[in-house]
Amino acid sequence: MARDVDVAALVSGIRDGRRAAVSQAITLVESSALRHRVAARELLATLAEQPPATPAVRVGISGVPGVGKSTFIEALGIYLTAAGHKVGVLAVDPSSVRTGGSVLGDKTRMAQLSADPNAFIRPSPSAGTLGGVAAATSQAISVLEGAGYDVVLVETVGVGQSEITVAGMVDTFLFLTLARTGDQLQGIKKGILEIADVIAVNKADSESGAGVDRAVEARAAARELAGAMRMVRGPKEWAPPVITCSGLTGVGVDDVWARITAHREHLGEQGLLAKRAQQQLDFTWSLVRDELLDRLRRSESVAAVREEMSAQVLSGKLSAPAAADLILAAYDESTD
Ligand code: GDP
């Protein structure tokens, strides 16, 4: 994107559903260059003038590496495009931020879905912080919606904060897990159960060749997990269903979709709008926090006192609160 961006042309390309325009627009919202940020704001503002008649279904999908996310997303994506949907797939992969490599890997694994003209797959942006990746992804959702994608799946791994971040940009959060019972259930992070709207015990098939009927195991695990969910969530309005499926054979994938749809119906039109509005407000503050931190890091006045402050805290000469005051005073000085 060496030349200046022609936002109007980009918008009309997106509205026409042209893949190259969608791709270019996502690159634009991922860019941290100032002039790209300005163009990105303009692009999103223009797209927002004509929102889709029916808001797209935004689904977060999470689970540990190996649980079968990409296999499942491919199966779900193909099921949905066959039913006439246009499906966008995005990813939030915090490992790509730290290492440049990624846990989610490149999405060529979804070979069949990648070749589907009604699907658009985009790997996780790999630059910046989790906050930066989240901001880019959230804007990429709007680009996809503008291009007529009526289902957007956002994949993330069960690492750190990424699920909470993704939960803040989708309508429904699907957690994929494997058949685990008893003590193994403890291994599932409580935070996940708190944000999951639908839980699916994946690999409920006999394809592993282990001689056991995984489907039976999965159903038993689902029952146990449903019990655990009731303890965590209490008698809430929406009781997250725990069901079984196999991304590999496709069995139960339709049921997962039915549950996602049911969750959305449960939210209702007003509930959905209220949820999205609240997400936007939370997102605003997270952007402000990220930007402030960035400014703090870039501040020369802060840099001037940082080393001395660190040495004093490490040697016990300065307390943490006093050191924090020092840093903030240095920062305030630079902004006066
Ligand atoms: P991800 O890391 O969560 O994206 O998982 P993948 O989709 O890459 O799958 C990890 C491994 O599990 C691969 O070897 C898949 O073939 C296998 N796998 C994925 N889904 C299923 C399933 O539904 N049943 C069985 N038996 N294996 C699966």
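Lys203 is found in the loop that joins strand E6 (198-201) to helix H10 (214-233), where helices (H or I, at least four residues) and strands (E, at least two) are DSSP runs numbered from the N terminus. The phi angle of Lys203 is near 60°, a positive value in a residue other than glycine. With a relative accessible area of 30%, Lys203 is partly exposed; buried denotes under 20% relative accessible area, exposed over 50%, and partly exposed the range in between (1.4 Å probe, protein chains only). The model is predicted, so that local features need pLDDT of at least 70 and side-chain atom pairs count only at pLDDT 80 or more, whereas totals for chains, interfaces and linings use all residues. Residues are numbered from 1 along each chain as its sequence is written, and side-chain values use heavy atoms, with hydrogens and water left out.

The protein has 13 helices and seven strands. Of its 336 residues, 42% are buried. The accessible surface of the protein comes to about 16800 Å², and carbon and sulfur atoms hold 55% of this surface; accessible areas come from the Shrake-Rupley method with a 1.4 Å probe, and for residues only the protein chains shown count as cover. Among contacts (heavy atoms within 4.5 Å) with a separation of 6 or more, 76% are between residues 24 or more positions apart.

In soluble globular proteins, nonpolar side chains tend to be buried together. A nonpolar core is defined here as a set of buried Ala, Val, Leu, Ile, Met, Phe, Trp, Tyr and Cys residues joined through side-chain atoms within 4.5 Å. The largest such core comprises 34 residues, of which Ile14, Leu43, Val143 and Leu144 touch the most other members. At least two residues of this core are supplied by each of helix H1 (7-15), helix H2 (19-30), helix H3 (34-49), strand E2 (87-92), helix H7 (130-146), strand E4 (151-157) and helix H8 (162-167). Because domain 1 (1-50) and domain 2 (51-272) both give residues to this core, the core lies between them; the domain bounds come from an automatic or database domain assignment. Residues up to four places away in sequence excluded, Ile14 touches Ala21, Val22, Ala25, Leu43, Leu47, Val143, Gly146 and Ala147. A second, separate core has 27 residues, including Ile73, Met110, Leu113 and Leu153.

A backbone N or O atom of Gly66 lies 2.8 Å from a ligand oxygen atom, and a polar backbone atom of Lys69 is 2.8 Å from an oxygen atom of the ligand. For Ser70, a polar side-chain atom is placed 3.0 Å from a ligand oxygen atom. Taken alone, the ligand exposes 580 Å², and the protein buries 75% of that area.

Gly66 occupies the loop between strand E1 (57-63) and helix H4 (69-82) and, at 53% relative accessibility, counts as exposed. Although Gly66 and Leu178 are 112 residues apart in sequence, their C-alpha atoms are 9.6 Å apart. Thr71 is in helix H4 and is partly exposed, with a relative accessible area of 35%. Neighbours within four places in sequence aside, Thr71 is in contact with Gly247 and Leu248.

Note on methods:
A polar contact is a pair of N or O atoms within 3.5 Å; within protein, one must be able to donate a hydrogen and the other to accept it, and residues adjacent in sequence count only if both atoms are side-chain atoms.
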